[in-house]
Amino acid sequence: MVLLKEFKKALLTSLWFVFLTFPIVVIKVDPIERTVFWRWQNAFYMAVGTFSIYLLVKFYQHRKENQPKSSDAGENKLPISSLIHRILLNPVQRNIFIGIVAAISIVFPHIFSTYQTNVMTTALMYVVLGLGLNIVVGLAGLLDLGFVAFYAVGAYTYSLLNLHFGLGFWTVLPIGGLLAATFGILLGFPVLRLRGDYLAIVTLGFGEIIRLILENWGKFSKGPSGISNIPRPGFFGMHFNLEQSVLYTYYLMIILVIVTIFIVNRLQDSRLGRAWIALREDEIACQAMGIDKRKTKLVAFSLGAFWAGIVGVMFAAKTTFINPASFTFLESAIILSIVVLGGMGSIVGVVFGALILILLPEYLRALSEYRMLAFGAILVCMMIFRPQGLISNIRRTYKFEKKSPPPVR
Amino acid sequence: MKQPILNVTNLTMDFGGIRALDSVDLDVNSGEIVALIGPNGAGKTTFFNCITGIYQPTGGDILLSLPNKSKKVSLKGLKPNKVTERGLARTFQNIRLFPKMTVLENVMIGRHCRTKAFIFGAIFRTAATRREEESILETSYAILEKVGLAEHANEFADNLSYGAQRRLEIARALATEPLLLLLDEPAAGMNPQETLDLDHLIKQISQEGQAILLIEHDMQLVMSLSDRIFVMDYGKKIAQGTPAEIRANPAVIKAYLGEEVDA
Ligand SMILES: Nc1ncnc2c1ncn2[C@@H]1O[C@H](COP(=O)(O)OP(=O)(O)O)[C@@H](O)[C@H]1O
Ligand SMILES: [Mg+2]
């Protein structure tokens with residue numbers, strides 16, 4: 001009975017999809033020959049594909065609902081997630097894991113080409129961006145769709161200070177971070193009262209404002225033509241050729257990633273980190289427990305923005321050319337996807353999310369035109385199958401050797 | 001020797017045209033358990049929301065006496081977190097825990113306003129920060145033991161049973177070291193055994209010197225616990241007195257049982 005109903009629904013859904021996609025997949029107009037091709041076989045594929053995907057999803061949902069709900073089984077069903085949790089919770093395995101990752105990171109540029117190293121450096125930048133946004137979205141629960149603005153602030157800080165005052169990379173690195181953090185506070189003030197959708201819209205607007213200013217205030221930012229000849233990061237006045245410079249930037253990014261993970265991890269495990277999570281979980285209860293909502297939110301905004309600013313400086317130094325087109329809403333969406341895909345609030349998750357989302361399209365060049373489509377599809381699938389992200393956060397547990405029996409599990 | 005802790009005078013709260021609180025006076029002395037009762041919609045929760053800064057009252061004053069000081073501070077116009085810092089801590093009628101934090105972390109949040117570590121301390125884990133974290137852990141764990149939730153310390157709060165969640169709310173409020181503990185219907189939805197446990201817990205806390213203001217519908221619990229009772233109806237205080245006085249008060253009986261009593 002239920003089965004028949006589901007089949008009927010699946011049939012209707014697939015017909016609807018065929019209808020929706022009809023103009024794209026079936027009709028093909030050849031303007032030179034002035035002929036129209038009707039690719040009926042595509043409609044058939046679409047119907048069969050949708051039909052089976054629909055049934056698959058239903059089947060999965062059905063199985064999920066019928067499973068006895070136990071608190072932990074639900075969380076770590078994905079093999080990769082439970083595997084990584086197990087590795088990270090065991091000190092010996094964790095050190096081996098870290099050792100392997102470190103070894104790979106060190107030898108990577110020596111095995112792979114300059115091009116690959118460059119791609120990896122970009123991915124590492126997104127790791128740091130993701131970790132920054134993770135503070136705001138994953139920990140404090142503030143949906144920020146304008147994160148790219150802080151990235152732009154960092155990049156333009158370096159370009160402009162270098163252009164006008166000749167300041168070097170290392171001088172500007174902290175300045176860019178701090179300036180972005182200041183902008184984080186500036187954005188934070190007006191949106192303190194907002195939550196959820198409203199916050200998302202305002203931050204989205206903020207991101208666009210920054211980009212539009214950069215685009216239109218030609219005297220200040222050189223407008224759409226951008227700023228070129230930005231110096232690469234230096235090392236005590238040494239001069240690198242291009243290849244060495246790529247290598248150097250790569251290692252800088254590795255160090256930055258390590259520093260970021262270290263700091264974010266400590267923040268997360270601190271009194272401040274707990275306050276962020278409490279704020280995410282229940283704003284009113286959080287205030288009633290004596291947490292200053294304004295302060296906590298502003299700190300989250302500014303610390304998140306700080307990392308974006310730092311990466312912005314790195315970005316300008318790496319590409320040696322920036323213009324406002326690098327800081328569109330798409331960037332914010334990608335960074336947000338990294339956080340959501342990886343697992344909100346989970347550092348390991350965000351690292352994986354960034355590597356997957358940035359490296360995958362690079363290596364699957366054929367797919368790269370469909371990047372946005374893939375994003376959409378991945379995110380929709382994640383919402384359905386794994387709302388907590390690839391690798392959910394490991395909850396912190398505390399041990400009391402002296403006073404209590406170990407937690408029974 | 002009983003000293004006043006909380007003095008609320010003429011507290012008034014309007015929601016648009018509706019007067020949810022109408023010149024309510026209430027006071028709590030140190031070491032006392034005071035109950036606030038009244039039919040649903042009488043304005044009891046609104047009273048809590050006003051004195052804890054979640055709503056800004058339209059009129060009246062809320063004075064808190066700090067221990068060892070003759071001066072009283074007004075809580076009116078303060079933000080909720082400032083009120084908690086001053087010494088009022090509350091639970092919620094509809095449980096408001098942090099569901100995806102562990103039981104222990106929920107209590108640790110309560111320590112927030114009594115501790116200081118910030119960005120710098122968090123990143124560099126200075127000796128002071130480490131000591132503070134340790135003391136937060138110890139205090140929180142001790143409170144969990146007191147309310148009987150220690151063995152659930154590392155579970156998510158939303159995995160607890162209903163009664164345990166209510167107890168965790170009390171634990172979290174206690175962690176802020178309040179001068180006055182406000183409980184909004186702590187026994188709501190509890191089974192008789194859980195209610196009995198709660199009765200013991202509240203008595204135990206009270207014996208340690210904690211002043212408590214309690215909203216509750218379970219009359220047996222109210223009569224067993226309270227030193228004094230305030231009764232509200234339609235936003236007004238209609239009676240106050242000892243449990244015995246309240247039981248015999250015709251206005252209270254009328255409010256609870258309706259007009260038929262007179263007939
Ligand atoms: N935020 C609000 N806006 C409008 N009316 C409210 C609000 N909060 C409470 N009220 C009204 O105040 C009255 C008292 O409610 P409440 O304090 O929850 O009663 P009690 O806790 O005694 O059952 C009710 O009539 C309710 O509708
Ligand atoms: Mg109520």
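## Exercises: a ligand and an interface

In chain B, helix α1 (residues 44-51) gives the most to the shell around ligand 1, with three residues; a helix here is a DSSP run of H or I, at least four residues, numbered from the N terminus. This is a predicted model, where local features need pLDDT of at least 70, side-chain atom pairs count only at pLDDT 80 or more, and totals for chains, interfaces and linings use all residues. Residues are numbered from 1 along each chain as its sequence is written, chains are lettered from A and ligands numbered from 1 in the order in which they are written, and side-chain values use heavy atoms, with hydrogens and water left out.

**Exercise 1.** Find which atoms of B:Gly41 and B:Thr45 lie by an oxygen atom of ligand 1.

*Step 1.* Start with B:Gly41: a backbone N or O atom sits 2.8 Å from a ligand 1 oxygen.

*Step 2.* Now try B:Thr45, where an N or O atom of the side chain is 2.7 Å from an oxygen of ligand 1.

**Exercise 2.** Work out how many residues each chain brings to the contact between B and A, and look for a salt bridge made by B:Arg96.

*Step 1.* Count the residues: chain B brings 43 and chain A brings 40, with contact meaning heavy atoms within 4.5 Å.

*Step 2.* Two salt bridges cross this interface (a side-chain nitrogen of Lys or Arg within 4 Å of a carboxyl oxygen of Asp or Glu).

*Step 3.* Pick B:Arg96: its partner is A:Asp282, and their closest N and O atoms are 2.7 Å apart.

Key:
Polar contact = N/O pair within 3.5 Å; in protein donor to acceptor, adjacent residues only side chain to side chain. Helix = DSSP H or I, 4+ residues; strand = E, 2+ residues; numbered from the N terminus.
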